[in-house]
Amino acid sequence: MSKRALKAYTEQLDPSALREQIHDLYERFPEVKTYYDFIFNPKEDKLVADAMARISEEYFPKRRRRARARRSVAHKFLKHFKTLGVDPFLQADLMAFNLEIGMRFEKVRNCPDAFYKSMYRSYREWGAHLIHSGIYREYQEKYAHIASEVARANWPNKDSFQDFLEQL
């Protein structure tokens, strides 16, 4: 169904029928329930804190022996937050946290090349988010600090971090 057809359909419904359909959608689809729960009671700080705890658990587990260190966990949270419309500053904080926790993890573990590539991808996405949201100036120092820490830790792709920093 196209957007135009949906608009035409909803305009022909009376308000009580439209309300009934929204109630039905709320009960049937978890995504709709999540959306409306967020709209009426955002608690953005709590969402971000929970996401940070889950990401931290991914790199430094308390329940199991071995860390999984999957970037996809943070990526899912970020995608979900973009869908909900969470504050760009909170999204940026979560992106920075993901990189910082990855850097802490790399200090204590021997990491494969894929880890460094995914951290670089996260760094680029963070930079793109900062520019797109117009908040780069607020995070400029922190962004440069992460690139310098990567260079100090002598990551295999440290030059890529520096090059991207200079581009911004």
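A crossing of two helices is left-handed if the near helix is turned anticlockwise from the far one by less than a right angle, and right-handed if clockwise. This is a predicted model, where local features need pLDDT of at least 70 and side-chain atom pairs count only at pLDDT 80 or more, while totals for chains, interfaces and linings use all residues. Residues are numbered from 1 along each chain as its sequence is written, and side-chain values use heavy atoms, with hydrogens and water left out.

**View 1. Helices α6 and α8 cross left-handed.** Here α6 (residues 88-108) and α8 (residues 136-153) have axes that come within 11 Å and cross at roughly 15 degrees. The two are therefore roughly parallel (angles under 35 degrees). Axes are lines fitted to C-alpha atoms over the stretch in contact, with angles from 0 to 180 degrees between N-to-C directions; helices are DSSP runs (H or I, at least four residues), numbered from the N terminus.

**View 2. Tyrosine 116 and tryptophan 155 pair edge-to-face.** Their ring centres sit 5.1 Å apart, with 70 degrees between the planes. Rings of Phe, Tyr and Trp (its six-membered ring) pair if their centres lie within 6.5 Å, and planes over 60 degrees apart count as edge-to-face. Tyrosine 116 is in helix α7 (residues 113-133) and tryptophan 155 in the loop between α8 and α9 (158-167), so the pair links parts 39 residues apart in sequence.

**View 3. Tryptophan 155 also pairs with phenylalanine 161.** With centres 5.7 Å apart and planes at 85 degrees, this one is edge-to-face too. Phenylalanine 161 is buried at 0% relative accessibility (under 20% relative accessible area, 1.4 Å probe, protein chains only), and tryptophan 155 is buried at 3%.

Conventions:
Angles under 35 degrees count as roughly parallel, over 145 as roughly antiparallel, 65 to 115 as roughly perpendicular and the rest as oblique. Rings of Phe, Tyr and Trp (its six-membered ring) pair if their centres lie within 6.5 Å; planes under 30 degrees apart count as stacked, over 60 as edge-to-face and the rest as tilted. Buried means under 20% relative accessible area, exposed over 50%, partly exposed in between (1.4 Å probe, protein chains only).
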